[in-house]
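User: Hi! I have a chain here that I'd like to walk through with you. Can we start with the overall picture and then get into details?

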Amino acid sequence: METRANYVLIGAFTLVTAMALLLFGLWAAKYSSERTWQQYQIVFREAVTGLSVGSPVQYNGIAVGSITKLSLAPNDPRQVVALIRVESSTPVKTDTRAKLAITSLTGPTIIQLSGGTPQAPALTSVDKREAPLIQTAPSALQNITDTANRIVERLDEVLSDKNVASITATLQNLENISGSLANRDEGLQSLIVSARDAAQKLDATLTTTNGAIERIDQNLVRQLPPLLTKLDATLAKLDSAAGNADAILGENRAAINSFANDGLGQLGPTLTELRGLVRDLRRVSDRLEGNPTRYLLGRDAPKEFEPK
């Protein structure tokens, strides 16, 4: 009876010890798992088509984690909140950005982390929440979608009812013009012929003009050397005449100076006396013209007898 009781105690102790070890192992594994991974949240303001729970998370092309949860923001259903789990050693900085990406043309949609300068602090040291928030950047998919939307909007504006009506009217006018041109084909042909004749005449005129200009240039080139020779001779003669005049002035400088000092000084009184002489002569001429007899004989002229 005592031996059976001992076996029961030993078995119970063994089971309790095994359960304790199992629980300790599970706790240690959970603790180790929690210490290995770090959770972050990302808020996308665009559609996350193709993204699902378990989709990979890459940092500059290297897989560092996965998506653990996707949900709509409770205060704004246009936003999507993604909860990700990445390795705790991943250098997620305050300037790290997240965006949607495609690994290949047929591959799944993933979350791509990029950026993060060495000087920036770690995001976990600034955001103390359990899941710090990583800011997003516009993805290539969003840029393509926005561009396509803008193109569609512009096409809608271009192809509006008013513009379609204008294009239709323009095409109708072009059709009318082409019909009118077809009806005036003969007139256009004659106009083209006249234009061709005029061009030929103009070509002949230009040829004649070019020949005349060439002849003028040749004559000018032939006559230019004699003209230059005559011009040089004339300039030489002028230079010689100027030299002779300068020599004459040098030889007669004393006489010229004497005339300028003495002759010009006497010229003034001489001109005064000459002016008085002219005035006296004019007075004598006036008297001779008025009464020459009295002026010459000193008495009046005899009166003629007139019989009664």
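This is a predicted model: local features need pLDDT of at least 70, side-chain atom pairs count only at pLDDT 80 or more; totals for chains, interfaces and linings use all residues.

User: Good. How much of the chain is buried, then?

Analyst: Of the 308 residues in the chain, buried ones make up 14%. The chain exposes about 24,200 Å², and 60% of that is supplied by carbon and sulfur atoms.

User: And what are the elements, in order from the N terminus?

Analyst: There are seven helices and seven strands. Reading from the N terminus, the order is α-β-β-β-β-β-β-α-β-α-α-α-α-α.

User: What share of the contacts join residues at least 24 apart?

Analyst: That share is 62%, counted among contacts between residues at least 6 apart in sequence.

User: Let's go inside. Which residues have the most contacts in the largest nonpolar core?

Analyst: That core has 20 residues, and the ones with the most contacts inside it are Ile42, Phe44, Val57, Ile84, Ile111, Leu113 and Ile134. Two or more core residues come from each of strand 1 (37–44), strand 2 (56–59), strand 3 (62–73), strand 4 (76–87), strand 5 (96–102) and strand 6 (109–115). Strand 4 gives the largest share, four residues. As background, nonpolar side chains in soluble globular proteins tend to be buried together.

User: Take isoleucine 42. What is it in contact with, leaving aside neighbours within four places in sequence?

Analyst: Isoleucine 42 is in contact with Val80, Val81, Ala82, Ile84, Ala98, Ile111, Leu113, Leu133, Ile134 and Thr136.

User: Now strand 6. Why would you say it is largely enclosed?

Analyst: Five of its seven residues are buried, so strand 6 is largely enclosed by the rest of the structure.

User: Which way does it pair with strand 5, parallel or antiparallel?

Analyst: Strand 5 and strand 6 pair in the antiparallel sense, over seven bridges. In that pairing, arginine 97 has serine 114 of strand 6 as its bridge partner.

User: What about strand 2 and strand 6?

Analyst: Those two pair in the parallel sense, over three bridges. Here glutamine 58 has glutamine 112 in strand 6 as its bridge partner.

User: I'm also curious about asparagine 60. Where is it found?

Analyst: Asparagine 60 is in the loop between strand 2 and strand 3, and at 54% relative accessibility it counts as exposed. Leaving aside neighbours within four places in sequence, asparagine 60 is in contact with Gln112, Leu113, Ser114 and Gly115.

User: How far are the C-alpha atoms of asparagine 60 and glycine 115 from each other?

Analyst: They are separated by 8.2 Å, although the two residues are 55 apart along the chain.

User: Switching to charges: how many salt bridges does a search of the whole structure find?

Analyst: Two. In one, the side chains of aspartate 76 and arginine 78 meet at 3.1 Å, N to O. In the other, aspartate 127 and arginine 129 meet at 2.8 Å, N to O. In general, side chains of opposite charge can pair when their charged atoms come close.

User: Are aspartate 76 and arginine 78 buried or exposed?

Analyst: Aspartate 76 is buried, at 15% relative accessible area, whereas arginine 78 is exposed, at 66%.

Notes:
Residues are numbered from 1 along each chain as its sequence is written. Side-chain values use heavy atoms; hydrogens and water are left out. A nonpolar core is a set of buried Ala, Val, Leu, Ile, Met, Phe, Trp, Tyr and Cys residues joined through side-chain atoms within 4.5 Å. Buried means under 20% relative accessible area, exposed over 50%, partly exposed in between (1.4 Å probe, protein chains only). Contact means heavy atoms within 4.5 Å. Two strands pair if DSSP finds at least two bridges between them. A salt bridge is a side-chain nitrogen of Lys or Arg within 4 Å of a carboxyl oxygen of Asp or Glu. Accessible areas come from the Shrake-Rupley method with a 1.4 Å probe; for residues, only the protein chains shown count as cover.
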